[in-house]
Amino acid sequence: MHICMIAPEQFPLPGNGSVEICIWAIARRLAHRHKVTIVSRKAPGFPETDELEQVRIVRLASGTPARYLASVLDYLEAEHFDAIQVDNRPLLMAAVKRRHPRTPVLLFLHSLTFVPAESRIARSLARADLIAVNSRSLQLRLARRFPGLGGRLRVVPLGADLTRFSPAELPEKRQALKLYRLSPIFTVLFVGRIIPRKGVPVLIKAMCLLNKHLPAQLIIAGQGKPPYIRQLKAMARRLGVRAAFTGKIAHEDIHGLYQAADVFVCPSQRHESFGLVNVEAIASGLPVIASNNGGIREIIASGHNGYLVDRYREAAPFAKQLLQLGRQPQLAAQIGLQGRNDALKTFGWQHTAAALEELYRFLVPDLTNEVTPYASLPCDNV
């Protein structure tokens, strides 16, 4: 098949946004046996057309969603694709489907952000031939919000690069600690957008409680508005928490942070549709302590590959689980190993690509008679 994957207008591709990371990872694997074109926005330093790892990338004029939409529609007029995938933009998807009614169009939703309960969104979603979502939690919420979607929703879990995100041997861990100028003590990691809903203040308070019993340090990796970052730094100083704010780290390098850590914490205060960082953490062999909400519970099972916190607006439950893992390194290693095994079994990008390919086969059955099992194709070195 010739598949077109249309990225949102916000960031160029390849890029560091979670949706862009997913599109690129999936496209690279689909390209082993399909022709794949990614449509993305123009950006300084990127050529207008590119070919990387057998994937063609076309970058179009943007600046606003309306301008990007016009660019996408103009581009599609001169091309032919067997299937089109639009990620996270239902209005753009509906416009594409109106212009190309005979081409199967799949919408891949990664969150509820762009699907408010509005009539125009409902009308747009109704135009999709299929809608892929990254978790059962997101599927249920969408079905409740838009009852008319019926059987169009399909769950396609996301993954991680199981080669890059892998458990660190002791020399690698020491090197990673040295790289980020960290002490060889119990190290807790947070990765994500630094915004109030992600719960970093709860984690800092939990670290304060933990430090009464165990020397520990916290790594906070991600971007946020400078005033909010200053507030968090001031809180950490006031509470005596040793916290390293790394700022934005390119996704191609961030696996080194996971290798420096002993445990990963995801203290989200609101619904998470999936939580890609949790998959990256278990793939890296880290036990995960996470809020018991949304799609996170489809990745983390308490006492198995991490711990889910029910009272996640409070610091004490996180501190309790951190202390348990800090005092019992053998338990932490056992849980981390189980997480790695779960990632190998379920959360490689090749699994995501295979699930999407099944949806394409359903939409374009005449072109997919010869199918090679994904296990026989090049994929993550696991």
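User: Over the face of which residue does Arg-89 lie?

Analyst: This is a predicted model, in which local features need pLDDT of at least 70, side-chain atom pairs count only at pLDDT 80 or more, and totals for chains, interfaces and linings use all residues. Residues are numbered from 1 along each chain as its sequence is written, and side-chain values use heavy atoms, with hydrogens and water left out. A charge sits over a ring if NZ of Lys or CZ of Arg is within 6 Å of the ring centre and within 35 degrees of the ring normal. At 3.7 Å from the ring centre, Arg-89 lies over the face of Phe-114.

User: Which strands are the edge strands of the sheet?

Analyst: Strands (E, at least two residues) and helices (H or I, at least four) are DSSP runs numbered from the N terminus, and two strands pair if DSSP finds at least two bridges between them. The open sheet has 8 strands with mixed pairing, in the order S3-S4-S2-S1-S5-S6-S7-S8. Pairing on one side only marks the edge strands, which are S3 (49-52) and S8 (153-155).

User: In S8, what is the bridge partner of Val-133?

Analyst: Strand S7, residues 130-133, runs parallel to S8 and is joined to it by 3 bridges. Within S8, the residue that partners Val-133 is Val-155.

User: At about what angle does helix H13 run to S7?

Analyst: Angles run from 0 to 180 degrees between N-to-C directions, with axes fitted as lines to C-alpha atoms, for helices over the stretch in contact (heavy atoms within 4.5 Å). Helix H13, residues 349-363, lies across S1, S5, S6 (105-109), S7 and S8, and its angle to S7 is about 175 degrees.

User: Why is Cys-22 too far from the closest cysteine sulfur for a bond?

Analyst: A disulfide is a pair of cysteine sulfur atoms within 2.5 Å, and by this rule the count is 0 disulfides. For the sulfur of Cys-22, the closest cysteine sulfur is in Cys-266, and it is too far for a bond because the distance is 15 Å.
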